[in-house]
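Here's a quick tour of the model on your screen.

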Amino acid sequence: MDDLFAARSQMALSLGFHIIFACIGMVMPFFMATSHYKYLKTKDTVYMDLTKAWSKGVAIFFATGAVSGTMLSFELGLLWPEFMLHAGPIFGMPFSLEGTAFFIEAIALGFFLYGWGRFNPWFHWFTGVIVGLSGLASGILVVAANGWMNSPSGFDYVNGEFLNIDPIAAMFNEAWFTQALHMTLAAFVATGFAVAGIHAYLLMKGENKAFHQKAFTIALIFGAVAAVLQPISGDISAKDIAVRQPAKLAAMEAHYHTEEAADLIIGGIPDEEAKEVNYAIKIPGALSFLAHGDFDAEVIGLDQFPEEHHPPVTVTHFAFQIMVGLGMILVGLSLLYFFSLWKKKNWLAQPWFLWLFALATPLGFIAVEAGWTVTEVGRQPWIIYEIMLTKDAVTPMPGISYSFYIFTAIYLSLTAIVGFLLVRQIKAVSQKPTLTPSTSSDS
Amino acid sequence: MLYVVIIFLCLSILLYVILGGADFGAGILEIVTPSSMRDKFRDTTYKTIGPIWEANHMWLIISIVILFVGFPSIYTMLSVHLHIPLALMLIGIIGRGTAFVFRHYDAYQDEMQKVYNLIFTYSSFITPLFLGLTFGAAVGGEIDPEANSFLGAYIQPWLNLFSIAVGLFTVAICGFLAAVFLVGEARKEEVQRLIIRKAKLFMVLTFVAGGLVFFASIIDEVPLVDLILTEWFTVGVLFLATAAMILLWFKLGRGDRKLDRFLGGFVVSAILLAFGYHYYPDIIIVKSGENLSLFNSAAPEKAISSLAWALMIGSLFILPALYYLLYSFQKPKLVE
Ligand code: HDD
Ligand code: HEM
Ligand code: HEM
């Protein structure tokens, strides 16, 4: 494995791992706070149990998220020193603000986890909300940094030098808003469906109905609302990319040749040699419409870019298809759920309904990973779009493949342990009937 | 504005070494605690570091962010030439952070606990070892930007006596800090006695390791001893640190918990101050070419000033909240 490929793979692995914890860390606190709110309003102890169970989940994911995030802040330098040398001061603004957000999140979490019985209940509740808000803020800030890599701004690039640096302008680059919007929704979709799915599975096994029904409802309402909005935000992103990074759009759509009234390609297998797509369904003019809002508009194809600047088409195209496909399935499930609410049907007692959602548990996260693959692989071969090539940024140290193997082994074992813990946590929750608030205040 | 950033950088490194160090130290102490006492000892650690342990970790992140935003060439030079020890430190950080949570939050208290404990204690040792080693390597003068052999560029900068001695010294300081912070937290008499014994053990170790650092600096020809001996400030501060440690030896656990902690924190701050003063403003001493200092490696003015503003505004939010967190957990619960 050559060093560049090893470094790219290690980066992708670490980010792919971190994003799962990041999503849960951003969204779970809101579920927890909702359930806590319900408890404070209704005094129904089931909500208290749920709040506590979820807050343990938040603590586990927060710590693992913090660890994987710390890794990343070192890895940026360990793997891409040349990139960080120039990019650090420019795109550093969101990272320095993010530090504050993390800190507040950690402090608020300290208050929340250890504060049972110590504070005014509403103050205690509010610290939970702060955990969520600061988590969201940090997510949005890092995405702004990533947006800068896709749409560099806030400096003048003269003869290979970065002059007139303006970190504020770099933070508010052209990509930050669409990416942050889409990512925030994605976090809600992925976490909402995953949590709801787990509780649907436990309901199906007939355990602790009152508890799991409440959990399912809270998680799914968040997830389903976000899922319905997701394609709208995705469409905004696509239109944005059509202008900002036409090569990425072309790779997503496997769109090799510039043309007017371009077809939208669904599925299909791109042939990177012959520059065509086989076995695809084609919808005439739809790509032009999606990218520019006009069925006859011209859509730039990969032929407008020199061959060595083409992103990997197959990976980007498949990742995009997976994301959109899953997005549509999740919209379908959400509409089904809203229908059941509207018609006041109690489908939560129906095995087929529970099965459907249990099966959907991982879909949101798969879509998140696919979406990031689109964004990151679609930017290749650039690390800073049209400014710096990824291969020029990689560390000069040889033997990165060993580092990749070691970190892969670590990540795999961590994943296994977290999974194992979660299973045990879930088992424990469903075995204990109901905890009363006072006996469980030792956590 | 550059000075604001430098002050924040120094403060966050100091706080990381003290607060994070005490955290690591708790794990190190566990290694040297006889197994019959371990459970009781662990009980004390949880109670003490539980609520705030996550916040301690932030100081490292802040330091790293300040480095890559404000002093990018220092950050990249360290990450290129000290790639290996930094990666090992990262492995320690992963192991420690996750094992701590795992052993705390696993729904069942069974055999798995042993695995978590093992990971926790050993990574509590590895992380400060490589952290200190990195500090040592940065100023050890073996980093060679012009090296063209693998050994010269990526191994020799850190695999030398001096860096290893600084690493061991850091480990000793962490154990010392943890013991001093834990004294007075123990509810049981025997645990209290154990902790005092450990505190003294680590004071001795700190002295021994400190001596080792000087000894190694002579062998590795790091100009430390002669320079320190000609700087009255450095000598004075190191002297005060020693005096504080001797005072602590007699006072420890005898009454005032606040005094114990203050002295412990003072010893470590003084040591850092002495070395910081000695090297300031250089951060990386290189084998050939110009040393990297906080001035010649600083990012352009605009980047520095926005970083400074972000830090100042951030601390306006963080410090009161952190204070209130620490304050509230000193108080007894409202309702039990
Ligand atoms: C639950 C997850 C999820 C779902 C259902 C979707 N997406 Fe997405 N998508 C993401 C999760 C995601 C993401 C992981 O959050 C990305 C990666 C980078 C980003 O900002 O968001 C992303 C990126 C991303 C990009 C690239 C943005 C860029 O590079 O700047 C486009 C064009 C779309 N998406 C479009 C869509 C469309 C048209 C969808 C229709 C259903 C869709 N996404 C569903
Ligand atoms: C789009 C990608 C990312 C998102 C959405 C994201 C979001 C988050 C969130 C929400 C957290 C808090 C974790 C929790 O509450 O469980 C977190 C933690 C962290 N992230 Fe990321 N992150 C991303 C990528 C990165 C990158 C590239 C870096 C490195 C430079 C990074 C550095 C960190 C650090 C240092 C932490 C730990 C701070 C803490 O203890 O809370 N993140 N991230
Ligand atoms: C957490 C969500 C993210 C995921 C899952 C993700 C995924 C990936 C993937 C798959 C690659 C490899 C692309 C390739 O080489 O073909 C990559 C590269 C990279 N990403 Fe991201 N990314 C995320 C967010 C970010 C953020 C927020 C940043 C920085 C602020 C970032 C910085 C980088 C860098 C520096 C590289 C290596 C250079 C490159 O390949 O262009 N990523 N990421």
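## Iron sites

E376(A) sits in helix α12 of chain A, residues 363–377; helices here are DSSP runs of H or I with at least four residues, strands are E runs of at least two, and both are numbered from the N terminus. This residue is the single protein donor to the iron atom of ligand 3, through OE at 2.0 Å. Donors are N, O and S atoms within 2.8 Å of the metal (3.2 Å for Na, K and Ca), and water is not among the atoms, so sites may look incomplete.

The iron atom of ligand 2 also has a single donor from the protein: H18(A), via NE2, 2.1 Å away. You'll find H18(A) in helix α1 of chain A, residues 3–42.

## Ground rules

This is a predicted model, with local features needing pLDDT of at least 70 and side-chain atom pairs pLDDT 80 or more, while totals for chains, interfaces and linings use all residues. Residues count from 1 along each chain as its sequence is written, chains are lettered from A and ligands numbered from 1 in written order, and side-chain values use heavy atoms, leaving out hydrogens and water.

## Chain B overall

Chain B has 13 helices and two strands. Its C-alpha atoms fill a box of roughly 60 × 45 × 40 Å along the principal axes.

Of its 336 residues, 57% are buried, meaning under 20% relative accessible area (1.4 Å probe, protein chains only). Looking at contacts (heavy atoms within 4.5 Å) between residues at least 6 apart in sequence, 79% join residues at least 24 apart.

Methods
Buried < 20%, exposed > 50% of the residue type's maximum accessible area, 1.4 Å probe, protein only.
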